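The sequence and the model come next.

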Amino acid sequence: MKYDIAVTAGDGIGPEVTDEAVKVLNRIGERFGHVFRYDRKLVGGAAIDSTGNPLPDETVDACKRSDATLFGAVGGPAWDGLRGELRPEQAILRLRKELGLYANLRPAIVFEELSDASPLKYELLEEGLDILIVRELTGGIYFGPKGTAEIENGRTKDGILSACIDEGNMRPADGRAAYDTEFYTESEIRRIGVTAFAMARKRRNKVVSVDKSNVLETSRLWREIMESLHEEYPDVKLEHMYADNAAMQLIRDPNQFDVIVTSNMFGDILSDEASQITGSIGMLPSASLGDGNFGLYEPIHGSAPDIAGKDLANPIASILSAAMLLRYSLSLADEANAAEAAVSKFLKKGFRTPDICADWSVRVGTREAGDLIADFI
Ligand code: NAD
């Protein structure tokens with residue numbers, strides 16, 4: 001089969017790690033008889049330098065035409081002086097929006113071979129860890145009505161804030177005030193729920209839905225929709241957990257989780273917490289999905305300007321992102337498993353990039369790591 005993949009490598013270590021992921025995809029292609037056609041496009045600082053725009057239309061069009069997009073990382077000191085829409089980091093936010101990607105999938109994986117790299121006790125992760133956090137990406141408090149207002153004599157001219165003050169029976173002190181609004185529609189909750197239940201079916205059949213339904217109206221609606229959706233997935237176990245408890249349980253007993261589904265803000269916080277359990281940022285992939293099979297796949301790390309161009313970056317996050325691309329956008333599960341098994345073999349044989357290097361291991365650079373992982377396929 002032939003597949004079209006848009007490649008937006010970006011800045012810093014972005015192009016270095018993406019090259020290694022492409023190397024692994026090519027080997028998968030040879031072994032399994034597929035042709036991957038790459039359409040490389042500029043994004044981030046590299047796009048600013050040549051077009052003045054961090055996300056040129058040509059790049060968006062190429063992503064829209066593709067079966068899936070492999071993204072590297074954007075940003076760096078050369079563009080730190082730029083503001084607002086001109087910043088390289090805006091490219092990824094705008095791209096997700098342009099492509100209608102509302103579900104962010106962040107696996108927290110600890111390979112058994114790296115159990116000692118986690119800050120958690122060895123006993124907790126002796127057999128590794130494999131959690132998938134499904135975060136709603138385009139709604140909630142980050143996108144709801146927001147603003148600032150001036151309070152005078154306990155009142156404000158701002159409509160929404162006035163209503164809040166009346167409703168809460170408050171008489172706030174004069175001065176500045178600000179508000180953000182958590183807002184979710186039934187259909188936004190439903191579609192992220194469908195993603196989570198569908199993912200659980202491909203894994204260990206368990207969803208924990210995280211909310212604060214003891215205090216938030218949006219969470220009560222969230223819980224109600226998850227419950228009704230559960231009727232369509234009776235083979236998947238559903239549990240509800242308050243966000244504060246979930247934050248604690250992730251540290252206390254991370255292996256109790258399979259799929260976690262949650263809102264934009266809780267997902268933002270919990271996925272960063274979960275990534276820290278795993279030890280190195282250079283190991284973690286992610287996917288952003290919308291309706292249909294298309295998805296954008298990227299390592300969770302940034303452009304790491306401190307190590308860029310030095311052959312020091314760990315390409316595993318990008319290679320595992322390519323594995324997610326194979327699994328979720330191209331429905332090539334055996335091929336995805338082969339890429340993940342090759343990473344596992346690389347670690348088992350004792351090879352390590354500097355970020356995960358131990359005294360006894362064999363230290364390799366970015367390119368050699370990619371070569372070895374490709375060879376293990
Ligand atoms: P970062 O993730 O780039 O780096 C944090 C630390 O982790 C650095 O010490 C870096 O060397 C190390 N690191 C990151 N990836 C690694 C890898 N694959 N192998 C080994 N070590 C790795 O975060 P930062 O330093 O806060 O940000 C640097 C730039 O990246 C900034 O311009 C930031 O805005 C941007 N950024 C972009 C994205 C994105 O493109 N999605 C995400 C986060 C940050």
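The model is predicted: local features need pLDDT of at least 70, side-chain atom pairs count only at pLDDT 80 or more, and totals for chains, interfaces and linings use all residues. Residues are numbered from 1 along each chain as its sequence is written, and side-chain values use heavy atoms, with hydrogens and water left out.

## The ligand site

Around the ligand there are 19 residues, of which Val74, Glu89, Gly302, Ala304 and Asp306 come nearest. A residue counts as near when one of its heavy atoms lies within 4 Å of the molecule. By class, this shell holds 8 nonpolar, 7 polar and 4 charged residues. In that division Ala, Val, Leu, Ile, Met, Phe, Trp, Tyr, Cys and Pro are nonpolar, Asp, Glu, Lys and Arg are charged, and the others, Gly among them, are polar.

Polar contacts are pairs of N or O atoms within 3.5 Å; within protein, one must be able to donate a hydrogen and the other to accept it, and residues adjacent in sequence count only if both atoms are side-chain atoms.

| Residue | Protein atom (N or O) | Ligand atom | Distance |
|---|---|---|---|
| Val74 | backbone | oxygen | 2.8 Å |
| His301 | side chain | nitrogen | 3.2 Å |
| Asp306 | side chain | oxygen | 2.9 Å |

On its own the ligand has 810 Å² of accessible area, and the protein covers 67% of that. Accessible areas come from the Shrake-Rupley method with a 1.4 Å probe, and for residues only the protein chains shown count as cover.

Helices (H or I, at least four residues) and strands (E, at least two) are DSSP runs, numbered from the N terminus. Two strands pair if DSSP finds at least two bridges between them. An open sheet is formed by 3 strands in the order 7-6-8, with antiparallel pairing. Strand 7 (155–156) and strand 8 (175–180) are the edge strands, each pairing on one side only.

Strand 6 (residues 146–152) pairs with strand 8 over 6 bridges in the antiparallel sense. Across this pairing, Glu150 stands opposite Arg176, and Thr148 stands opposite Ala178. On the other pairing, strand 6 and strand 7 are joined over 2 bridges, also antiparallel. There, Thr156 of strand 7 is the bridge partner of Ile151. The hairpin of strand 6 and strand 7 has 2 residues between the strands, and Asn153 in this hairpin takes a positive phi near 55°.

Thr148 has a relative accessible area of 64%, so it is exposed. Leaving out residues up to four places away in sequence, Thr148 touches Ala177, Ala178 and Tyr179, where contact means heavy atoms within 4.5 Å. Thr148 and Ser329 are 181 residues apart along the chain, and their C-alpha atoms are separated by 41 Å.

## Helix 12 and its cover

Which residues of helix 12 (residues 366–375) are buried? They are Thr366, Ala369, Gly370, Leu372, Ile373 and Ala374. An α-helix has 3.6 residues a turn, so residues three or four places apart point the same way. The cover over the buried residues of helix 12 includes helix 1 (14–32), helix 10 (316–329), helix 11 (333–348) and strand 14 (351–352).

## Single residues

Lys41 sits in the loop between strand 2 (35–40) and helix 2 (45–51). Its relative accessible area is 18%, so Lys41 is buried. The side chain of Lys41 makes polar contacts with the side chains of Asp39 at 3.2 Å and Glu58 at 3.5 Å. Beyond residues up to four places away in sequence, Lys41 touches Val7, Thr8, Ala9, Glu58, Thr59 and Ala62.

Leu70 is placed in strand 3 (residues 68–73). Leu70 is buried, with a relative accessible area of 0%.

Asn205 is not a glycine, yet it has a positive phi of about 60°. Asn205 is in the loop between helix 6 (186–201) and strand 9 (206–211), and at 28% relative accessibility it counts as partly exposed. Asp311, also not a glycine, has a positive phi of about 60°. Asp311 lies in the loop between strand 13 (295–299) and helix 10, and its relative accessibility of 24% makes it partly exposed.

Key:
Buried < 20%, exposed > 50% of the residue type's maximum accessible area, 1.4 Å probe, protein only.
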